[in-house]
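The points are grouped by topic.

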Amino acid sequence: MADPRPTLEAEERDERGSRETRRLRRTGYVPGVVYGGRTGESDATAFKVNARTLRNFLHDSSALIDLKIGSGKALPVIVKEQQTHPVRGEVMHIDLLQVRLDEKIHTTVALELEGGEEAPGVKEGGVLEHITRELNIETLPTNIPERIVVDVSAMEMNDTIPLSDVPPPDGVDFLDDVEETVVATLTPPRVEEEPEEIEEETELVGEDAEAEAGAEGATGEEAEAKGQEAAESEE
């Protein structure tokens, strides 16, 4: 028997407008909207939820949750979008989407790397870069993975892992281009030019400039001397 889905308890929200929303946040609540309607309509229903409860819930729960607004019926939902404070990282607003459990949906899932410290290329001083951090997938709401983990412990220097090398979980289809999407790369460290070499090149350039200036000065003196000799001969 499958484990019961976690249930997020929320309250109906009548507050509207930016001023009321700020007041709501000051009292410890996060405003939210669930799309799809409590009876399946395409409209949206506003709610508010305790900020601490929501924070713990998002950290601990699975991708598919039940939302219960007041005394209403629990709805299966997924997180559609969440807005966070740019400095404090707190959730400022959350959008949820009601889903049908028997219909596949498009959603996103985090892509994580493991074993990076064990990779031979990293031990040689290479730089492991995590290119793609989120994937677009299609699957049933009850089958959404919390994350997809890719083992990079065998990566050598100059290796690249495309999405085509990552097997999708059972019942999950990748929507991103598996050939074009790069998961991770391992490249040699960048070698920077040493300052001493730059200084030497600068000195050489300076010496060349001085030599050219000296040559031009000598040519000018010679021309002046010849001019004086021609003037004297005419006299």
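In this predicted model, strands β5 (residues 75–84) and β6 (residues 91–98) run antiparallel and are joined by seven bridges. Threonine 84 has valine 91 of β6 opposite it. Both strands belong to a barrel that six strands close.

**Barrel and helix**

- The strand order around the barrel is β1-β3-β2-β6-β5-β4, and the pairing is mixed.
- On average, neighbouring strands of this sheet are turned by 45° against each other, with direction ignored.
- Helix α1, which spans residues 18–26, packs on the sheet and touches β2 (29–35), β3 (44–50) and β6.
- The direction of helix α1 makes about 120° with that of β2.

**Largest pocket: volume and centre**

- The volume of the largest pocket is about 770 Å³.
- The lining of this pocket consists of 26 residues.
- Ala63, Val79, Gln82, Thr108 and Glu146 are the lining residues closest to the pocket centre.

**Largest pocket: contributing elements**

- Two or more lining residues come from each of α2 (51–60), β5 and β7 (105–114).
- Strand β7 gives the most to the lining, with six residues.

**Largest pocket: lining composition**

- By residue class, the lining divides into eleven nonpolar, eight charged and seven polar residues.

Definitions and conventions
Residues numbered from 1 in each chain as written. Predicted model: local features only at pLDDT ≥ 70, side-chain atom pairs only at ≥ 80, totals over all residues. Heavy atoms only, no water. Pairing = 2+ DSSP bridges. Helix = DSSP H or I, 4+ residues; strand = E, 2+ residues; numbered from the N terminus. Axes fitted to C-alpha atoms, helices over the stretch in contact; angles between N-to-C directions. Contact = heavy atoms within 4.5 Å. 1 Å grid on protein atoms, 1.4 Å probe; cavity = no way out; pocket = protein on both sides within 12 Å on 5 of 7 lines; lining within 4 Å. Points joined across faces, edges and corners; volume = space filled by probe spheres on them. Nonpolar A, V, L, I, M, F, W, Y, C, P; charged D, E, K, R; others polar.
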